[in-house]
Amino acid sequence: MQQKLIDFVRWFFLAAILLVAGFLSCLTAMRFAIQGNEVSVPNVAGKSLPEAIRVLNAYSLRMKVDSHRYDELVPKDQILAQNPVASSKLKRNSQVRVVMSLGAKKIPVPNLEGQSLRAAQIVVLQRGLTLGVVATMASGVAEKDRIVAQSPPPEVGFAQSLAMNLLVSTGKKQREYLMPDLRGQNSDEVTGDFASLGLKLGSVNYQSIPGVAKGAVLTQSPPPGARITEGSSVDFEVNQ
């Protein structure tokens with residue numbers, strides 16, 4: 001009886017070993033079968049549609065055009081993007097979805113020179129462009145906040161970039177001076193020179209100080225040595 005039990009256990013373990021070996025062999029075969037049905041997706045970005053189809057056919061893959069999109073870098077009728085990406089694993093006869101480029105969006109360049117900055121901004125947005133660099137410069141010809149120049153210029157016809165760069169006038173450049181020391185000088189004489197310097201006479205207050213000449217400047221604002229610009233006002237305190 002004991003011998004029969006030993007024989008039974010021996011045959012049971014032998015059967016279990018054979019069963020596990022068969023199961024592992026089946027898994028391995030299935031794995032190789034699945035892997036053998038997979039391919040590495042080639043890179044078709046930047047290729048034309050016919051060229052990409054030939055490449056994918058060589059890998060037993062099919063193509064579907066998902067959409068079209070404007071792009072400044074990828075020429076028209078070339079593939080802009082793909083899904084799955086290159087080097088991904090995909091089963092044979094599966095689809096690779098692509099986005100085709102429409103090329104750079106051709107937008108007529110508006111003529112903005114002479115327009116106000118606000119009006120130019122509205123036109124730029126209405127045309128589907130974006131506002132790029134806005135620089136400023138003084139101009140003796142163009143009024144303040146008027147467009148002096150633009151890039152791209154209107155004569156190019158169509159914009160190669162969506163960014164519109166503008167040069168805006170800050171108006172006539174104001175002259176700058178260092179405020180002289182006017183104390184002790186006659187107020188009528190010094191204010192007579194203001195018009196030629198583009199300065200204006202501000203408030204004038206009076207005091208009576210014995211021993212000081214009548215009409216002499218006692219104090220001034222801005223003080224001596226201060227930086228002033230054309231159009232600034234100068235205030236005085238004058239002896240009467």
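Predicted model: local features only at pLDDT ≥ 70, side-chain atom pairs only at ≥ 80, totals over all residues.
The chain has 240 residues, and 25% of them are buried. Its secondary structure comprises five helices and 15 strands. The accessible surface is about 15900 Å². Carbon and sulfur atoms contribute 57% of that surface. Among contacts with a separation of 6 or more, 70% join residues 24 or more positions apart.

Strand β5 spans residues 95-101. This strand is mostly covered, with five of its seven residues buried. Strands pair through backbone hydrogen bonds, in either a parallel or an antiparallel sense. Both senses occur around β5. Strand β2 (residues 62-69) runs parallel to β5, and seven bridges join the two. Strand β3 (residues 79-83) pairs with β5 in the antiparallel sense, over four bridges. Val 98 of β5 takes part in both pairings. Its bridge partners include Val 65 and Gln 82.

The pairing of β12 with β15 (residues 233-239) is parallel and extends over six bridges. Within β15, Glu 237 stands opposite Asn 205. In a regular strand, side chains alternate between the two faces of the sheet.

Five salt bridges are found in the whole structure. One of them joins Arg 227 to Glu 176, with the closest N and O atoms 3.3 Å apart. This pair links distant parts of the chain, the two residues being 51 residues apart. Arg 227 lies in strand β14 (residues 227-229), whereas Glu 176 lies in strand β11 (residues 176-178). Arg 227 has a relative accessible area of 61%, over the 50% cut-off, and therefore counts as exposed.

A second salt bridge pairs Arg 183 with Asp 181. Here the closest N and O atoms are 2.9 Å apart. Both partners fall between the 20% and 50% limits, so they count as partly exposed. The relative accessibility is 47% for Arg 183 and 38% for Asp 181.

Another salt bridge connects Glu 51 and Lys 47. The closest N and O atoms of this pair are 3.7 Å apart. Glu 51 is partly exposed, at 32% relative accessible area. Lys 47 is also partly exposed, at 23%.

Met 137 belongs to strand β7 (residues 130-137). Its relative accessibility is 34%, which places Met 137 in the partly exposed class. Beyond its neighbours within four places in sequence, Met 137 contacts Val 148, Leu 167, Val 168, Ser 169 and Thr 170. Leu 167 is 30 residues away from Met 137 in sequence. In space, the C-alpha atoms of Met 137 and Leu 167 are 7.2 Å apart.

Methods
Residues numbered from 1 in each chain as written. Heavy atoms only, no water. Buried < 20%, exposed > 50% of the residue type's maximum accessible area, 1.4 Å probe, protein only. Contact = heavy atoms within 4.5 Å. Areas by Shrake-Rupley, 256 points an atom, 1.4 Å probe, with all protein chains shown as cover. Pairing = 2+ DSSP bridges. Salt bridge = Lys/Arg side-chain N within 4 Å of Asp/Glu carboxyl O.
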